[in-house]
Amino acid sequence: MHNQPDFRTNLCFEALWDTKKWFEPAFVQLNSEGCILSISEESKTQEPTETIRGFVIPGHNNAHSHAFQYALAGLAEHLPHHSAEDDFWSWREAMYQLANTILPDEMEDIAAMLYSEMLRNGYTSVAEFHYLHHNLDGSSFEEKAAMGQALLEAAKSTGIKLTLVPIFYQRGGFQGQMNPHQRRFISQTADDYFELLYQTEKLVNNTANSKLGIGIHSLRAASPEAICEIFESTPVSIPKHIHVAEQQKEVAEAQRFLGHRPITWLMKNLSLEGNYHLVHATHMNSEEVEQLAHSKAHVVICPSTEGNLGDGFFSLRAFMQSGGRWSIGTDSHISLNPCEELRWLDYGQRLRHQKRNAYCFKGSEEGGEIALKQSILHGRSATGYSVQPLSVGEPFDAVVYDASQPLLSASPKSHRLSTIVYTADTSSILGTVVNGRWYVINRRHIRQEELCSNFIQALAKIRNKR
């Protein structure tokens, strides 16, 4: 890394929230590895302490990312040629065109730019739902996990923690057909996928700040037998991810070919433990909402992408009323602000039900606190970090909001988290810290110029191929 992150062992912040309570002021002492020795409202060291006028919360966790799709953000907002309308399925064709141009070097430059922007928005970890595995003609690279290696290098160079989730993608639809544009995604058999997973695991084990996940693209993209074999053979310590019930067409086809709606099929065929993370789950009936909430599984909601693709509204209020657990992801990266994701998740429910404060169910509850607890704690589970954040012995992974920003400065402690959720953007962030290292300082990533230059060059190369 050309610019090394700043590291400080003794800090004093205006206040710190650890998802349980506020420390105000907050004295934070770190060891040389960036792990927390103490957090208190009084200094525990005689060493010099740097004072920062910031409000600290645990780093946000991005529970669903397709890094390569960042190169498409903003470029698909028009009607396709010779079409009178646009939907998820026509957008998918534009995504396929992009997917069939990217090589490992370009993947690394795209992902590095994306991950630096995630850090700039306050994310400190990301689950990368990765299915762009093979060469342009669909054959394996000499190093089978070359594209996964590019993602790991991108994360390493920017400072974000990466949970790499190589995805099993066996077919293009329930009837087994494959679109030629999907050739780079395909593993013919579960054994082929396990070999790719094994090669990926070796890379992850040799890369700091990375974890392994396991995933299946969707019910339509794999046989029922393979889905059960892959998920049931994986240790419970590893997070498991799958797209499910994102589109009504998918729900109808699942009923036709599997005999059940997607969520119902999963409930009947798998033991949905706490390491399962079902992405989208947009189209559930009331029975599925209740059953899924009562299971131990989580849902990963991606409001800005779901809105951009016209997916529909997740049944948030009913799911939460039944005790459901969820996190957020940025998916296609049309937006990278975690607070915007939380806002639009709430606002979608407000528009749907014509009521305010969708996160709250009894008097005096704070919507911002509820939203942040859900997204942070269950986002940590989706990325494989289930221990309480900002606790003694844990890495200091945090986002620092500017306590001198007018709305935040004026907000009382009881409303501070809601002020962050409902008003904050990158201009509100002083810095983002991973393992005690400051990768974003005064709203800029430490490698901003270099990463931006590499990204622009990579996109120019891609466009010359199309």
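Where is the place of histidine 333? Histidine 333 lies in the loop between β15 (325-328) and α11.

This is a predicted model, in which local features need pLDDT of at least 70, side-chain atom pairs count only at pLDDT 80 or more, and totals for chains, interfaces and linings use all residues. Residues are numbered from 1 along each chain as its sequence is written, and side-chain values use heavy atoms, with hydrogens and water left out.

**View 1. Histidine 333 in the loop between β15 and α11.** Histidine 333 is not a glycine, yet its phi is positive, at about 70°. Its relative accessibility is 2%, so histidine 333 counts as buried (buried means under 20% relative accessible area, exposed over 50%, partly exposed in between, with a 1.4 Å probe and protein chains only). Helices and strands here are DSSP runs (H or I, at least four residues, for helices; E, at least two, for strands), numbered from the N terminus.

**View 2. Helix α11 (residues 338-353) meets helix α14 (residues 416-423).** Two packed helices are described by the angle between their axes and the distance between the axes. Here the axes come within 7 Å and cross at roughly 90°. That makes α11 roughly perpendicular to α14. Axes are lines fitted to C-alpha atoms, for helices over the stretch in contact, and angles run from 0 to 180 degrees between N-to-C directions. Angles under 35 degrees count as roughly parallel, over 145 as roughly antiparallel, 65 to 115 as roughly perpendicular and the rest as oblique. From α11, the contact uses Cys339, Leu342, Arg343, Asp346, Tyr347 and Arg350. From α14 come Ile420, Val421, Tyr422 and Thr423. Contact means heavy atoms within 4.5 Å. By class, six of these residues are nonpolar, one is polar and three are charged (Ala, Val, Leu, Ile, Met, Phe, Trp, Tyr, Cys and Pro count as nonpolar, Asp, Glu, Lys and Arg as charged, and the others, Gly among them, as polar).

**View 3. Arginine 343 in helix α11.** With 14% relative accessibility, arginine 343 counts as buried. Neighbours within four places in sequence aside, arginine 343 contacts Asn337, Ile420, Val421, Tyr422, Thr423 and Ala424. Serine 414 is 71 residues away along the chain, and its C-alpha atom is separated from that of arginine 343 by 18 Å.

**View 4. Helix α7 (residues 262-269) packs with helix α8 (residues 286-294).** The angle is about 40°, and the axes are 9 Å apart. That makes α7 oblique to α8. Pro262, Ile263, Thr264 and Met267 in α7 meet Glu288, Gln291 and Leu292 in α8. The contact of α7 with α8 has four nonpolar, two polar and one charged residues.

**View 5. Alanine 281 and histidine 283 in the loop between β13 (276-280) and α8.** Alanine 281 has a positive phi, near 50°, in a residue other than glycine. Alanine 281 is buried, at a relative accessible area of 0%. Histidine 283 is also buried, at 15%.

View 6. Proline 25 sits in the loop between β3 (22-23) and β4 (26-30).
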